[in-house]
Amino acid sequence: MKGLLIKERWLDLILSGKKTWEIRGKATTIRGRIALIQSGSGMVYGVCEVVDVRGPLSIEEMQANCDHHCIARDDIPNVVKYKTIHAWVLQNARRLRRPVPYDHPYGAVIWVNLPEEVDRQIGSES
């Protein structure tokens, strides 16, 4: 299972169901169920599905879709620093009953390949 590293602020919005677009500088080919990892915590806090990628998006498209990515309209130019903007479309986000620890590999900044044991623990906490 793949785990996506996300800052706490955005992770909480995803797990609450308010944020359905994760904004990144590149598209991803990954689809299906993924783990949601809070950056710097060493813990998996939830799961969701990546179902699509939209982009590259213009600032105007970002401004028209604030309800999906939860970045305030006026903050978009200050928050989004990517040359190209892509929205990774998320569905069915769920918070785990208890966070599941994992060993963070050196150098991982976007994705983590989680071992089967962590995947099993995530399944038991869903």
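Hi everyone, let's start with strand E1, residues 2-6, which pairs with E6 in the antiparallel sense over 3 bridges. Two strands count as paired if DSSP finds at least two bridges between them. Helices (H or I, at least four residues) and strands (E, at least two) are DSSP runs, numbered from the N terminus. Within this pair, Leu 4 stands opposite Trp 111 in E6.

Before I go on, a word on the source: this is a predicted model, where local features need pLDDT of at least 70 and side-chain atom pairs count only at pLDDT 80 or more, while totals for chains, interfaces and linings use all residues. Residues are numbered from 1 along each chain as its sequence is written, and side-chain values use heavy atoms, with hydrogens and water left out.

Now the whole sheet. In what order do the 6 strands run? The order is E2-E5-E4-E3-E1-E6, in an open sheet with mixed pairing. E2 and strand E6 (111-113) are the edge strands, each pairing on one side only.

Where does Lys 19 sit? You'll find Lys 19 in the loop between helix H1 (8-15) and strand E2 (21-24). Is Lys 19 buried or exposed? Lys 19 counts as buried because its relative accessibility is 4%; the cut-offs are under 20% relative accessible area for buried, over 50% for exposed and partly exposed in between, with a 1.4 Å probe and protein chains only. Leaving aside residues up to four places away in sequence, Lys 19 touches Trp 10, Leu 13, Ile 14, His 68, His 69 and Cys 70, where contact means heavy atoms within 4.5 Å.
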